[in-house]
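Here is a short briefing to read alongside the sequence and the model. Please keep both open as you go through the points.

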Amino acid sequence: MTHQKPALGRGLDALLGTDGQLRSEEDARALVGGIFELPIRSILPNPFQPRQEFDAEALESLSISIEQLGIVQPITVRATKGDEFELISGERRLRAAKLAGLTEIPAYIRPAKNAQMLEMALVENVQREELNPIEVALGYQRLVSEYNLTQEEVAKRVGKQRSTITNFLRLLHLPPKIQVGLREGVVTPGHARALLSLPDDRTKQRVFTEIQRDHLNVRETEHRVRSLTKQRKTSRKPPSASALQLKQLEGQLRTSLGTKVAIQRKSGESGQIVIHYFSDEELSRLIELLDQSHD
C-alpha cells in the first residue's frame, strides 16, 4: 500500500530534531492531514477508548495477517507533545501490530478535541460492531455526562436515531449481573429491553436466570414478561371499603375548601387531616372559611 505524504514531501524524520522533538509549530501543523510511518513506542493509548475487551484469538489472527500483508488501513492519531501521539481509532490494529513484532505503523494524523476522540472511537467501533452493548451505552453516557451533550446531539454526532441512544442508555439501569451478561453475550439487547419493563431488580434477575436455564429467545422472554406483568396487575388487592370511604371524604373536603386535602389514617381509629395551601392569601382564605364554619 502506498501511503500519502504531506504536500512538501518531507518524511517524519525531517520534521523532528535530533532529540526527537518537533522543530516548530509549523512542523507540527505539517504533520496534520498526512499519513506517516510512526514508531509504535511513540503512540499512547486513547484515554477515551470505549472498548474494554479484546478477543485474544481475533488479535492473534489479525497479527498473522499483518505479518503476511502489512497494515491495510492506517490507524488514526493526534499529535500531543514532543514526539508522542495519542491513538484515536485503530486499537485492534495497533495491538496486533505489536504482536506481529512491528516497530512502526502507518498512521493518519488529525486534530481532535477530547469529545471528538470519544465520538470517533465510538463511531468506528459501532460501525465495525466491535463493542458490546454495555460498552456502547457507557460511551454514549460519557458524551452526555462529561461533555454536556443532549441525547439528540449525541445521536447527530454518531449518526444514529435518538431512540437508539435512549435504548442503549436504558441498559445502564439494569442490575450489574445482567449488564455482565450483556457484555459476555449471554443475553442480547432484545432480551435486555424486555427485562427493563419489569417492575423491580429482583424480578429482572429472576427472569434473567430463566432465560439462561430455559434457553429463551427474545419473543419467549417478552411473552414471559407480559405474563408476569399481567399477574402483578390482577394480584393487586382491591381497595377496602374504609379506604374507599376515606377517598370519598377527601373529595368532599377538597370541594368544600377549594384546595388539596389528605386524610391519613394511623393505627386504630386515629389519624390526621392535612390541608394544603400554596400562598399566604390562600392560607388567609382557608382560616376565614374555617372560622365561618365554626360560627
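This is a predicted model: local features need pLDDT of at least 70, side-chain atom pairs count only at pLDDT 80 or more; totals for chains, interfaces and linings use all residues.

Residues are numbered from 1 along each chain as its sequence is written, and side-chain values use heavy atoms, with hydrogens and water left out.

**The whole chain**

- The protein has 14 helices and 7 strands; helices (H or I, at least four residues) and strands (E, at least two) are DSSP runs, numbered from the N terminus.
- Of its 295 residues, 38% count as buried. Here buried means under 20% relative accessible area, exposed means over 50%, and partly exposed is in between, with a 1.4 Å probe and protein chains only.
- Among contacts between residues at least 6 apart in sequence, 63% join residues at least 24 apart; a contact means heavy atoms within 4.5 Å.

**Helices H6 and H8**

- Two packed helices are described by the angle between their axes and the distance between the axes.
- For H6 (residues 133-147) and H8 (residues 162-170), the angle is about 110 degrees and the axes are 8 Å apart. That makes H6 roughly perpendicular to H8.
- For these values, axes are lines fitted to C-alpha atoms, for helices over the stretch in contact, and angles run from 0 to 180 degrees between N-to-C directions. Angles under 35 degrees count as roughly parallel, over 145 as roughly antiparallel, 65 to 115 as roughly perpendicular and the rest as oblique.
- On the H6 side, Pro133, Val136, Ala137, Tyr140, Gln141 and Val144 meet Ile165, Phe168 and Leu169 of H8.
- By class, the contact of H6 with H8 has 8 nonpolar residues, 1 polar residue and no charged residues. Ala, Val, Leu, Ile, Met, Phe, Trp, Tyr, Cys and Pro count as nonpolar, Asp, Glu, Lys and Arg as charged, and the others, Gly among them, as polar.

**The aromatic pair**

- The structure holds 1 aromatic pair. The ring centres of Tyr140 and Phe168 are 5.8 Å apart with the planes at 75 degrees, so the pair is edge-to-face.
- Rings of Phe, Tyr and Trp (its six-membered ring) pair if their centres lie within 6.5 Å; planes under 30 degrees apart count as stacked, over 60 as edge-to-face and the rest as tilted.
- Tyr140 is in helix H6 and Phe168 in helix H8, so the pair ties together parts that are 28 residues apart in sequence.
- Both Tyr140 and Phe168 are buried.

**Residues in loops**

- Gln49 sits in the loop between strand E2 (43-44) and helix H3 (56-69), and counts as buried at 15% relative accessibility. The C-alpha atoms of Gln49 and Glu119 are separated by 9.5 Å, although these residues are 70 residues apart along the chain.
- Gly159, in the loop between helix H7 (151-158) and H8, is exposed with a relative accessible area of 61%. Its C-alpha atom and that of Val123, 36 residues apart along the chain, are separated by 8.2 Å.
- His215 belongs to the loop between helix H11 (201-214) and H12 and counts as exposed at 67% relative accessibility. His215 also has a positive phi of about 55 degrees although it is not a glycine.

**Residues in helices**

- Thr221 lies in helix H12 (residues 218-235) and is buried, with a relative accessible area of 0%. Leaving aside neighbours within four places in sequence, Thr221 is in contact with His191, Ala194, Val207, Ile211 and Leu216.
- Glu146 is placed in helix H6 and counts as partly exposed at 43% relative accessibility. Glu146 and Ala115 are 31 residues apart in sequence and 8.5 Å apart in space, C-alpha to C-alpha.
- Ala243, in helix H13 (residues 241-257), is partly exposed with a relative accessible area of 30%. The C-alpha atoms of Ala243 and Arg265, 22 residues apart along the chain, are separated by 9.3 Å.
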